[in-house]
Every structure is written in C-alpha cells, then in structure tokens.
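Here are some friendly notes to read alongside the structure. Take them point by point, with the view open beside you.

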Amino acid sequence: MPSPPASRSACRTIGLFSIAATLLYASGSAARTDGVVDVIIRGGTIYDGGEGKPFVGDVAIRGDKIVHVGRPGTHAAARVIDAKGMIVAPGFIDPHTHADSFLRSPDKAVRINAAWLHQGVSTVMIGVDGNGTPDVAADSSKLAASGIGTNIVPFVGFGPVRQRVLDQDARPPTPGELDAMKALVAKGMCEGAVGLSTGLFYAPQSFATTAEVVAVAREAAIRGGIYDTHQRDESSYSIGLLGSVNEAIDIGKQAEMPVHFAHLKALGVDVHGQAAAVIAAIDAARAAGVEVTADQYPWLASGSNLDASLLPRWAVDGGGEALLKRLDEPATLARIRAEMQDNMRRRGGAGALLLIAQGFPWTGKTLAQVADEWKLDSRDAALRIIRHSLEAKSRGQKGGGTAVASFNMAQADVDLLMQQPWMVTSSDGSDGHPRMFATFPEKYLRYVRERKVISLRTFIRQSTGRTADIYKLDRRGYLRPGYFADVVVLDPTGYAPRADYVRPRELSVGVQSLFINGALALDDGQATGVIAGRALLRPRPVGCAGKD
C-alpha cells in the first residue's frame with residue numbers, strides 16, 4: 001500500500017488565535033461551550049467508537065477533555081488540524097501488551113512507547129498473563145512519575161501472588177497460604193487494579209487447581225474486577241482447548257465475575273477448525289448470563305518461548321535450578337526429550353518455530369535451521385538454547401534467547417473469531433514479534449482493506465469503545481464531549497505496518513496525529529517527545545479499608 005506523497009501534509013495545521021467566544025454545537029445539539037478551545041480537528045470522517053455510522057465533522061479539545069464532536073462549524077482555536085480525507089477516532093486501546101521494555105526504560109525517549117504510538121494506541125494494559133505485581137499503587141506511581149507516553153491500566157497477577165507465597169512449587173496451598181494469596185489480590189484491587197490476570201498455561205500458575213483460582217479470583221470479583229486469562233490450554237497440552245474454555249467460564253461463574261479470554265485462538269494442528277466450537281461455548285455462556293469477551297491479534301504466529309512451548313510442566317517444578325538438575329540426569333532427560341517430541345508436533349514441527357529473541361547467533365532462524373547448523377536433533381538444539389539462558393541467569397547475567405514465533409494458527413479460525421460481536425483487538429506485543437510494532441495497522445490493512453473480513457467501523461469499534469466497555473474505563477474509548485481527549489487521526493490510504501518477522505521493530509506509518517489526554521504525542525506522523533500518559537487506576541472499590 002503506497003504512502004501519500006512526501007510533499008503532501010495530510011494534516012495541515014493553521015495557527016488561529018482569537019479572543020472571541022466560540023460557539024460549539026455538541027453533536028449537532030444546541031448545547032453551548034463558551035471560550036476558545038486549544039485544538040480543533042476539522043473536517044475528518046469521525047468514527048466515535050460506538051455502533052453508529054461515521055460522519056464528517058469537527059472534534060474540539062480544551063485541556064485534557066473533548067468539548068465538541070459534531071457538524072463542521074466556524075470554530076476558533078489556538079490550532080486547527082485539517083483532517084479532510086482522514087479518519088478521526090478515539091485513541092486505540094490495547095488490552096494485552098508486554099510493553100515493559102519501553103515503559104520501564106531508564107531512557108525517557110524510549111518511555112514514550114513509540115511502538116504503540118505509531119499504531120495510534122493511547123492506552124495499554126500491563127501485568128497480563130498473570131504477571132502483574134500486587135503492589136499496584138507503588139508500581140503505577142513509579143511509572144507515572146517517571147513519565148510514560150501512553151496511558152497504562154494495571155492488573156494484579158496470579159503469578160507474582162502465587163510465587164510470593166508458594167515460590168515455584170507444584171503443590172496446593174495450605175489454608176493459611178491461600179488466605180495470604182487472597183489478601184495480596186485484595187490489596188492489588190484496592191490499589192486500583194482493573195482485575196485479576198492469570199496465565200494458567202505457564203508454570204508455576206499451571207500448578208494451580210481450578211478451585212484455587214476461583215478462591216483467589218473471588219477477591220477481585222467482590223471488588224468489581226474482571227477475570228482476564230491466558231487460559232490453561234489453547235491447544236492439546238493438558239485439558240484441551242474446549243476443556244480450557246469451559247474451565248475459564250466456570251471460574252467466572254463460581255467467582256461471579258466477567259471473564260475475558262486473552263489472545264483467543266486455536267493453537268496447533270490438533271485443534272485447527274475448533275474456533276466454531278469455542279464460539280458456541282462462549283455464546284452459550286453469554287446467553288446464560290455470564291459476561292464473556294475476548295481479544296485477538298491478527299497474526300498466524302503466536303509468540304512464546306521454547307520453555308513453555310516444548311517442555312513438560314513437571315520438568316519446571318521448582319524453577320530454573322531444578323530444571324538444570326533434571327537435564328543433568330540421563331533418565332530424566334530422556335523422559336523430557338520424549339515428551340518434547342509431541343509438544344513440537346503440536347506446534348507444527350521445528351520448522352514452524354522461528355527464534356526471535358534479539359541479539360543471539362540464532363536470531364531470525366527456525367529451530368530446524370539451527371539444529372541443522374549444530375548437527376543436533378531439534379529437541380537437543382532447543383535444550384541447548386534453554387540451558388544457555390538458565391546458566392546465564394544463574395551467573396547473574398542476562399538470560400533470554402528462548403523467545404519464539406510459532407506458526408500454528410489456521411486462517412479460517414482467525415477470521416471466524418474476528419467476526420464475533422464480543423471480540424476486540426490486542427497486540428500481545430512482545431520483543432522480537434512484529435505484533436509489538438504493527439498489530440493494529442496489520443489488522444486494518446489485511447483484514448479490512450485487502451481481505452474485507454470485517455468492516456472499518458468494526459475495526460474501530462474493536463479497537464476503542466468496545467474495549468473500554470469491557471474494562472469499564474472511565475471516559476475513554478469514545479469521542480464524546482466530557483471524555484478524555486485520546487484522539488487519533490490516521491490516513492486511510494497510508495496506515496500500514498512496516499514490521500515483519502524478519503524486521504520486527506519497524507515503526508508503523510499512517511498515523512498523522514495522536515492526542516493523549518489532550519497532548520499531541522504524534523504530529524504530522526512524527527513523535528513529539530511529549531510524555532502525557534497516566535496510570536488509569538480504578539476508584540477505591542467497596543470492600544477496601546479506608547474507602548471514602
């Protein structure tokens with residue numbers, strides 16, 4: 001898709017200064033707002049984040065709020081952005097990200113979170129896959145004080161909660177230990193978390209029973225939280241995809257809380273074609289009164305690591321040191337290798353595992369290619385990389401190197417899931433996978449423009465208002481007077497991904513302007529360096545000591 005000519009400024013700006021009062025029509029009504037506004041985005045095609053049809057009009061911003069969305073007028077402002085021919089929409093909301101390498105960087109220039117800004121994203125969720133700290137207040141305060149480019153919404157994570165109490169052990173908690181875990185979740189919720197996140201596929205969270213998860217999740221439920229899950233099995237590793245979907249729904253039923261499936265998919269050859277059955281299970285639960293929703297990324301390759309993809313769960317009981325000892329025991333190693341064979345088959349074989357960790361000799365090669373170079377069985381090549389990472393960590397050095405993009409999804413399943421009325425867009429953005437830099441424009445280009453799987457209005461809805469509704473974000477996700485001024489202006493002919501599996505860190509193009517809390521983060525397609533992100537913490541809920 002060609003970009004617009006370089007000589008054309010898609011969003012021409014005109015500086016206008018006025019002391020006259022400005023008459024604004026709120027969505028065409030007779031409501032008045034007097035005074036000069038800061039910015040008018042004039043004449044764009046407005047998709048307001050809802051179910052309504054787009055229309056041509058103006059969006060006016062004063063401070064950090066939207067004060068007008070409606071028909072064109074002769075409004076005066078300190079700055080006018082000519083958005084004729086552009087799409088104007090709420091800033092996109094990404095409900096499942098791994099943006100920590102940006103947001104927690106010591107470098108302010110990195111903390112602007114450019115990978116997401118250039119996709120038009122104004123708000124990201126953190127602490128996903130069960131990884132969110134229970135120390136929500138301290139962590140959010142530290143991030144906000146350091147200056148971040150996008151808004152953040154934190155989860156309290158089942159992983160850190162369980163590890164604080166049980167370390168890496170594969171055992172059930174005692175009654176006292178379960179109480180300690182519940183108290184940590186309550187703490188995180190009282191400090192503003194949006195809900196409880198779990199990653200039951202990953203050890204040590206995978207060691208928890210359904211009953212344990214329900215008991216802990218209920219602490220989030222009674223404080224108004226959502227249950228957001230990387231479910232236990234997206235394939236055929238343990239209880240199977242459909243068994244896992246039913247488990248997650250049952251957790252929501254028992255805990256009495258909404259359920260949200262993170263990066264919903266049918267992963268691997270054993271479950272290709274099961275998307276329809278997954279949809280049927282979710283639709284049945286919704287019909288029975290359970291709030292069930294999901295997010296999805298528009299890629300056929302998932303992102304994980306060799307450990308989680310190939311190793312049996314019992315092998316990682318007790319953590320890295322325990323795994324290294326098992327790898328040194330010939331009989332145990334033989335058992336691990338045997339179980340790895342079937343796990344590799346599920347993933348489509350060694351040729352379907354692209355090693356994407358940056359800065360290693362194997363970066364950008366498939367596991368099959370590396371095995372050929374090393375003249376090893378592909379399982380032994382994987383174990384060499386895993387051992388390298390574990391031994392580096394044991395020496396106090398940086399580990400890593402095990403990240404993979406796993407080509408394991410069927411296009412028909414991805415298409416069908418994308419068309420559901422309870423689906424929203426997420427990146428699951430992680431280092432080394434192009435989804436970190438390119439998910440939203442990839443979905444727009446491939447699934448809206450080229451293949452017409454969904455409409456443009458559905459794409460906007462799945463990236464804005466519907467996501468805000470699921471997580472009950474306060475005055476976000478819509479272009480409405482009184483809402484926070486998170487606004488994106490993008491070129492419908494130029495909005496496109498540049499990252500791919502070979503070059504995963506290329507910034508996307510086509511976002512002309514992006515406002516975050518009324519501040520201009522992208523101007524004429526370029527990052528301004530403005531740090532305007534906030535920690536969007538929930539108000540202190542019922543059930544928390546010291547509530548006002």
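1. If you want one spot to look at, find Asp 94, which stands opposite Val 124 in S8. Please keep in mind throughout that this is a predicted model.

2. Now widen the view to the sheet around that pair. It is an open sheet of 3 strands, in the order S7-S8-S9, with parallel pairing. Strand S7 (92-94) and strand S9 (151-154) are the edge strands, each pairing on one side only. On average, neighbouring strands of this sheet are turned by 20 degrees against each other, with direction ignored.

3. Elsewhere you will find antiparallel pairing. Strand S2 (residues 37-46) runs antiparallel to strand S3 (residues 55-62), and 6 bridges join them. Along this pairing, Ile 41 stands opposite Val 59 in S3.

4. Strand S3 also has a partner in strand S4 (residues 65-70); this pairing is antiparallel too, with 5 bridges. Here Ala 60 has His 68 in S4 as its bridge partner. S3 and S4 form a hairpin with 2 residues between them, and Gly 63 in the turn has a positive phi of about 65 degrees. As background, strands of a sheet pair through backbone hydrogen bonds, either parallel or antiparallel.

5. Which residues touch the most other members of the largest nonpolar core? They are Phe 92, Leu 103, Trp 116, Leu 456, Phe 459, Ile 460 and Tyr 495, in a core of 45 residues. Helix H16 (residues 435-450) gives the most to this core, contributing 7 residues. Another core, of 44 residues, lies apart from it, and its members include Leu 166, Met 189, Ala 217 and Ile 251. In general, nonpolar side chains in soluble globular proteins tend to be buried together.

6. Finally, how many disulfides does the model have? The count comes to 1, and the disulfide joins Cys 190 to Cys 544, with an S to S distance of 1.9 Å. It links distant parts of the chain: Cys 190 is in helix H6 (residues 175-190), while Cys 544 is in the segment after strand S22 (526-527), and the two are 354 residues apart. The link of Cys 190 and Cys 544 is left-handed, with -90 degrees about the S-S bond. Are these cysteines buried or exposed? Both Cys 190 and Cys 544 are buried.

Conventions. Residues are numbered from 1 along each chain as its sequence is written. This is a predicted model: local features need pLDDT of at least 70, side-chain atom pairs count only at pLDDT 80 or more; totals for chains, interfaces and linings use all residues. Side-chain values use heavy atoms; hydrogens and water are left out. A disulfide is a pair of cysteine sulfur atoms within 2.5 Å. Helices (H or I, at least four residues) and strands (E, at least two) are DSSP runs, numbered from the N terminus. Buried means under 20% relative accessible area, exposed over 50%, partly exposed in between (1.4 Å probe, protein chains only). A nonpolar core is a set of buried Ala, Val, Leu, Ile, Met, Phe, Trp, Tyr and Cys residues joined through side-chain atoms within 4.5 Å. Two strands pair if DSSP finds at least two bridges between them. Axes are lines fitted to C-alpha atoms, for helices over the stretch in contact, and angles run from 0 to 180 degrees between N-to-C directions.
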